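Welcome! Please take a moment to look over the sequence and the 3D structure shown here before reading on.

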Amino acid sequence: MSEKVLMKGNEAFAEAVIRGGVRFYFGYPITPQSEIPEFMSRELPKWGGKFLQAESELGAINMAYGCGAAGGNGFISSSSPGIALMQEGMSFLCSAEVPVVLLNASRGGPGIGSIQPGQADYNQVTRGGGNGDYKMPVFAPASIQEAIDILYDAPALADQWRNPVMVLVDGLMGQMMEPVLMPEPKKPLESADIPTVKPWAISGSEKGTRSVVKSLRLQPEVLEEHVEHLFEKYGRMEKELVRVETENVENAEVVFVAFGTMARLVKEAMEILESQGVKAGMIRPISLWPYPYEAFDKIGKNCKAVISAELSMGQMVQDVKLGVEGRWPVRLIHRVGGMLPTSLDIVEKTRKILEEVR
Amino acid sequence: MPTNKLFFAGSGGQGVLTMGQMVTYAAMYADMNATWLPSYGPEMRGGTANCTVVISPEKPVSCPLIYEADNLVVMNLPSLIKFEGMVKPGGNLFVNTSLIEQKPTRTDINVYNVPANDLAMQLGNARTANVVMLGALVRTTNVVPVEMIYKIMEKTFSGRKAALLDLNKQAFHTWKPE
């Protein structure tokens with residue numbers, strides 16, 4: 001076991017994904033994650049990898065498409081407006097079943113917005129911002145260690161499912177330092193092994209065999225069959241990829257639902273509420289798709305309200321309502337634009353909600 | 001031991017972010033949980049710098065952001081004016097009196113006057129002002145063990161920089177309470 005080190009989020013994310021097997025990075029700088037391309041340009045060549053600064057976000061995602069189609073383990077990072085520009089590519093990647101790991105350091109929106117933390121990309125990343133029917137696993141860590149563990153596993157997960165995998169963080173997590181343990185580096189995929197490990201990839205095969213990776217299917221019957229195949233896969237992902245942390249939901253009077261940075265603020269608000277005699281619990285979705293709807297069944301009979309705490313005008317709250325299925329009142333506590341509530345603000349708003357629903 | 005929330009503020013170049021990082025490293029070496037969070041955004045280019053450190057000896061740090069501080073360190077006047085109200089009643093305020101003539105207005109907190117730049121100049125190296133201040137903070141509050149601060153200094157000032165180790169240890173101990 002290696003020693004704990006103090007690492008800044010952005011650098012830890014980049015190091016973790018390299019240790020997880022990524023050897024190709026494509027990106028275009030954007031605050032608040034520009035330290036990732038900076039780190040990659042310096043460190044990735046030392047691991048035998050390739051760093052490439054694209055001419056645009058559109059360039060970056062299509063380079064990753066090409067890299068993944070050829071069997072390489074690619075990684076892209078960007079932030080909200082940049083991720084928006086990549087949506088076409090994500091639809092193509094999902095249709096062509098090409099693995100790639102993506103990181104979105106989401107910031108205040110809409111538009112170019114602000115560079116401070118935001119969670120208003122929730123609908124875009126969980127519902128698909130590109131065209132057509134497709135799904136992509138999205139993980140939202142709440143600490144740097146959790147982000148490291150997820151990013152370390154992400155390349156293998158993307159390969160296993162032949163699907164892009166997204167990790168959603170924000171600038172606060174990118175700038176923060178926490179003591180972390182870095183996992184041992186995995187053996188990266190060698191070019192010579194690609195035809196055996198990824199027989200579907202366009203790896204320059206022997207005479208007589210041919211791999212095709214594409215998203216164009218002009219015959220409706222063929223496309224329908226392909227989409228049904230994708231959704232059979234997504235159905236299995238929904239069963240296998242749900243990740244959630246729950247705390248005190250069985251006895252809580254109020255249950256919060258929050259992810260990422262917001263979950264850290266809620267955690268402290270819960271401690272304050274406990275000291276005031278209010279029993280509080282939390283459902284912390286780690287996978288945003290597939291969403292942990294079943295966690296809501298653990299909520300006990302003492303519950304008076306379920307509160308979705310978000311840095312958006314209320315996007316995840318729709319999934320909270322699907323999980324609650326009308327069993328408890330659902331309310332929203334939120335800030336937007338890159339503003340963050342304090343834990344005291346959350347406590348105050350929660351007390352008001354509890355008075356209102358009693 | 002409860003959570004300890006610290007806030008360091010000053011202007012760019014005063015070593016404010018480094019001070020916070022040294023406390024965070026020391027907490028990590030002492031097997032405590034800790035987070036370090038700098039202010040980030042366009043205002044950083046305007047010359048102000050500040051960072052938040054939260055130390056939790058037993059359980060993980062719940063929240064890296066703070067709305068009140070157990071310990072506040074201010075290295076320049078704008079920081080005193082802007083952040084004095086953040087200190088918890090009964091908390092500690094460390095003022096760099098070399099650059100701040102104005103007295104704090106709070107009477108419900110402990111104020112420590114540390115002429116960090118003057119003491120650093122007396123040692124012959126103005127750049128150790130932040131270590132003078134760090135010494136005042138750590139020796140007064142014991143928020144992290146002094147030996148762990150030594151451990152970071154020994155790691156930082158090794159090889160070609162080894163000559164700076166004694167100077168920094170001296171700076172760390174130079175301030176004496178009134």
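The briefing below begins with the overall picture and then goes through the topics one by one.

This is a predicted model, in which local features need pLDDT of at least 70, side-chain atom pairs count only at pLDDT 80 or more, and totals for chains, interfaces and linings use all residues. Residues are numbered from 1 along each chain as its sequence is written, while chains are lettered from A and ligands numbered from 1 in the order in which they are written. Chain A has 13 helices and 14 strands; helices (H or I, at least four residues) and strands (E, at least two) are DSSP runs, numbered from the N terminus. The domain assignment divides chain A into domain 1 (5-199 + 227-240) and domain 2 (245-357), with bounds that come from an automatic or database domain assignment.

**Chain A as a whole**

- The C-alpha trace of chain A spans about 75 × 50 × 40 Å along its principal axes.
- A compact globule of 358 residues would have a radius of gyration near 21 Å, and the 21 Å of chain A agrees with that. The radius is taken over C-alpha atoms, and the globule rule is 2.2 Å times the number of residues to the power 0.38.
- Of the 358 residues of chain A, 51% count as buried. A residue is buried if 20 or more other C-beta atoms lie within 10 Å of its own, exposed if 12 or fewer, and partly exposed in between, with C-beta atoms placed from the backbone.
- Among the contacts in chain A with a separation of 6 or more, 80% come from residues 24 or more positions apart. Two residues are in contact if their C-beta atoms, placed from the backbone, lie within 7 Å.

**The seven-stranded sheet**

- One open sheet of chain A has seven strands in the order β3-β2-β4-β5-β7-β6-β12, with mixed pairing. Two strands pair if DSSP finds at least two bridges between them.
- At the edges are β3 (50-53) and β12 (287-289) of chain A, each of which pairs on one side only.
- Strands β5 (residues 101-106) and β7 (residues 165-170) of chain A pair in the parallel sense over six bridges. In this pair, Leu103(A) has Val167(A) in β7(A) as its bridge partner.
- Helix α3 (residues 57-69) of chain A lies across β2 (24-27), β3 and β4 (74-78), and runs at about 165° to β4(A). Axes are lines fitted to C-alpha atoms, for helices over the stretch in contact, and angles run from 0 to 180 degrees between N-to-C directions.

- Tyr25(A) lies in strand β2 of chain A.
- Tyr25(A) counts as buried because 29 other C-beta atoms are within 10 Å.
- Leaving aside neighbours within four places in sequence, Tyr25(A) is in contact with Met40(A), Leu44(A), Gly49(A), Phe51(A), Leu52(A) and Phe75(A).
- Tyr25(A) and Ala60(A) are 35 residues apart along the chain, and their C-alpha atoms are separated by 8.8 Å.

**The five-stranded sheet**

- Another open sheet of chain A has five strands in the order β9-β11-β10-β13-β14, also with mixed pairing.
- Its edge strands are β9 (244-247) and β14 (330-334) of chain A, each pairing on one side only.
- On average, neighbouring strands of this sheet are turned by 20° against each other, direction ignored.
- Strands β10 (residues 254-257) and β11 (residues 280-285) of chain A pair in the parallel sense over four bridges. Here the bridge partner of Val255(A) in β11(A) is Gly281(A).
- Helix α13 (residues 343-357) of chain A lies across β10, β13 (305-310) and β14, running at about 150° to β13(A).

**Where the two domains of chain A meet**

- The centres of domain 1 and domain 2 of chain A, taken over C-alpha atoms, are 28 Å apart.
- Their contact takes 28 residues from domain 1 of chain A and 22 residues from domain 2 of chain A.
- On the domain 1 side, α6(A) gives the most, with four residues.

**Where chain B meets chain A**

- In chain B, 16 residues are in contact with 21 residues of chain A.
- The largest share of the chain B side, five residues, comes from β2(B).
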